[in-house]
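Hi there,

Here is the structure I promised to pass on. Please have a look, and then read my notes below.

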Number of protein chains: 4
Amino acid sequence: MQFAEAAKQIVEAGRWLDARSWAPATSGNYSIRLDADRIAITASGRHKGRLIPDDVLVVDYDGGTSDARAPSAETPLHTLMYRLIPSLGAVLHIHSVHSTVLGMVLSGKTELELEGYELLKALPGIATHEARVSLPIFENTQNMAALARSVTERWKAGQTGQTGPSVGYLIRGHGLYTWGSTMEEAMRAVEALEFLFACELERRRMPP
Amino acid sequence: MQFAEAAKQIVEAGRWLDARSWAPATSGNYSIRLDADRIAITASGRHKGRLIPDDVLVVDYDGGTSDARAPSAETPLHTLMYRLIPSLGAVLHIHSVHSTVLGMVLSGKTELELEGYELLKALPGIATHEARVSLPIFENTQNMAALARSVTERWKAGQTGQTGPSVGYLIRGHGLYTWGSTMEEAMRAVEALEFLFACELERRRMPP
Amino acid sequence: MQFAEAAKQIVEAGRWLDARSWAPATSGNYSIRLDADRIAITASGRHKGRLIPDDVLVVDYDGGTSDARAPSAETPLHTLMYRLIPSLGAVLHIHSVHSTVLGMVLSGKTELELEGYELLKALPGIATHEARVSLPIFENTQNMAALARSVTERWKAGQTGQTGPSVGYLIRGHGLYTWGSTMEEAMRAVEALEFLFACELERRRMPP
Amino acid sequence: MQFAEAAKQIVEAGRWLDARSWAPATSGNYSIRLDADRIAITASGRHKGRLIPDDVLVVDYDGGTSDARAPSAETPLHTLMYRLIPSLGAVLHIHSVHSTVLGMVLSGKTELELEGYELLKALPGIATHEARVSLPIFENTQNMAALARSVTERWKAGQTGQTGPSVGYLIRGHGLYTWGSTMEEAMRAVEALEFLFACELERRRMPP
């Protein structure tokens, strides 16, 4: 994809996410794969609901850039997913109240299981509500390299039949990472997962 | 009704429903009766908040179509209502957090009773808050033919005085089906029922 | 006030209320005093978020009209307030989830007490958060004449120091009536009361 | 800063805050430092979502003004922060449901502790989710001079290592005060704190 088109899609995704309260206070970061060497990713510290194309910069898969500005500190969590999944086109990381709270309410748990919802079918590869989708929950850390290693390990375990981040994962008290083959698919994943998080919280909120 | 007018009303309904968070992640499907042989219905997989008239196609009452695209997989649940109710003009099926959660909170129950609300009067044929409106709850299944049979049976039972889907029904963990003699009336039914679902959840959420 | 200006203010109030989900499914009715003989009030059955000036009609203080269309069935609840309060300029009746649920949660109670909130000062005549505002709660009924008598009695009792509907009242399972010397003041009262209802429900929702 | 630019920023902040339901019923007040002698601040009683530049007036650090209109009654709470923090550029005071309710739910407590959230990093000076941010909670009073003294005392205590209002404070049943070196930074602080308040309330709402 050309950089100009990628930047446009990232700017529009930011507006759409902010309008749903999923981009508070400059939080979150979004990326699109450009080619075999590079991704486009949001610069650090910009309000995601008010992005302009110039707030998007180019980095390689090691996070290196010729740009004078700093890419998001969480760039390694984006690049690793592009490395792990050859068909991946876009990654979205958001801070939402629901994804933040769910990870905290599930303290001590290392995954969130979603089961029995028709809307699971909005996620790629799911054809029935009888599917069980599991989102790994990672402990939050400011050590991006360590977090990237944990995600990679869980991903590789998931490939051999254990629980891996097939559609996304939570970082406790922090938010959601999800992705898709295109930005449109990644946005659909965010929308579906946030719907499911809202359902989960509503159900847990009911008095016994 | 002419196809062009039906497609326009469906597109506008999609925008209105999406703005209220009742059309997440391409979910839902909407239809309008065209004539004695055909209905207009949304194609599968489109985001309902961003429909264009070309996302609407024509099917007959058996779900057959000369269109190359796939109609919604839930088309049989639309056509059966047009068969059952001669005066019916429009059917809306939505996935909302409230309709999804209510069916799950009422696990084991086969109906949701709504009672004592003034807003019941926004539903067709209801003239007092003292009415009791019952919405059947069906178990979710990917077998559309089986679900269509269950809905038809409950409808026929309802016609003889038992509890039938007079204004709509829930599918557990899935969402709401409702309808009206026009798309405007169907939208009013969605709005009234979602209001009542919100009230029910608020009340059930209160600590004892 | 001229009818054209009153109709314009009513249309705009409807849009503003609907945008906040306080006018679902054609519910609610709004009025403005025109002169010593007449008020302007919404016609029955229109969606309040999509009003046009022609959806507003003129009735006298007995609810009589030369208009062929039906005024709201709740017209007597509007005219009685204009009779009771000479300075009154506008009346708003809305159906909101919060006002509907609060009346039901407080089953058996005949008033809602609001106390300790700074926002009470947005209500007319309140200068400190230490004020105690009481909203009467009436049982819902389809008998408008009976309900009008109950409201009148409570109002007169309130004038002699007992608890009366000084800023508004709730009808259980139905909604809120409030008012002001102008439509702007009535809208401010709705906004302040709905904020306070949201606070009350949040607090009651907390586990003990 | 020139008055015209300050008034423009205040008007825009009002629209942004109102769109998020943080400026109900004319509540709240906003200010920007103009120079060593004066601030610009909202006039009393205007709806903050519908401000015009003429609704902003100039006061000195003692609250004195040559303007015929009344500045907000809470002007002393603004001027004191500009005195205490030389780098301060803007102060926002809002009434939100969450900030109002949190203070009341924490009855008897004199601070709200926020801990373990990644979004804490959106607050100035915070570089890790492992930080602990404490917001003092003051009792509400109509005595602005007394409240200003309490805030000043806590601020000074905070400077010597005790708990002070480093990013903002709550007034019980009333709302939030926060600030920044620019209006943009103050808006970011509101957005981050309201997100954190929403998380706190969600977590406290969960049945044990």
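In chain A, 61% of the contacts with a separation of 6 or more are between residues 24 or more positions apart. Please keep in mind that this is a predicted model. Buried residues make up 59% of the 208 residues in chain A. The chain has five helices and eight strands, which follow one another from the N terminus as α-β-β-β-α-β-α-β-β-α-β-β-α. Its radius of gyration is 16 Å, close to the 17 Å given by the globule rule for 208 residues, so chain A is as compact as a globular protein of that length. Along the principal axes, its C-alpha atoms fill a box of roughly 55 × 35 × 35 Å.

I also looked at where chain C meets chain D. Here 23 residues of chain C are in contact with 29 residues of chain D. The area buried between the two chains is about 2,000 Å², and carbon and sulfur atoms give 64% of that. Glu118(C), Phe195(C) and Met206(C) supply 28% of the area that chain C buries against chain D, more than any other three residues.

As for polar features, 10 residue pairs are in polar contact across this interface. There is also one salt bridge: Glu202(C) pairs with Arg205(D), with the closest N and O atoms 2.7 Å apart. On the side of chain C that touches chain D, helix α5 (residues 183–205) gives the most, with nine residues. That side as a whole divides into 11 nonpolar, three polar and nine charged residues.

Best wishes

How values were computed: Residues numbered from 1 in each chain as written. Chains lettered and ligands numbered in written order. Predicted model: local features only at pLDDT ≥ 70, side-chain atom pairs only at ≥ 80, totals over all residues. Heavy atoms only, no water. Contact = heavy atoms within 4.5 Å. Buried area = accessible area lost by both parts, 1.4 Å probe. Salt bridge = Lys/Arg side-chain N within 4 Å of Asp/Glu carboxyl O. Polar contact = N/O pair within 3.5 Å; in protein donor to acceptor, adjacent residues only side chain to side chain. Helix = DSSP H or I, 4+ residues; strand = E, 2+ residues; numbered from the N terminus. Nonpolar A, V, L, I, M, F, W, Y, C, P; charged D, E, K, R; others polar. Rg over C-alpha atoms; globule rule 2.2 N^0.38 Å. Buried < 20%, exposed > 50% of the residue type's maximum accessible area, 1.4 Å probe, protein only.
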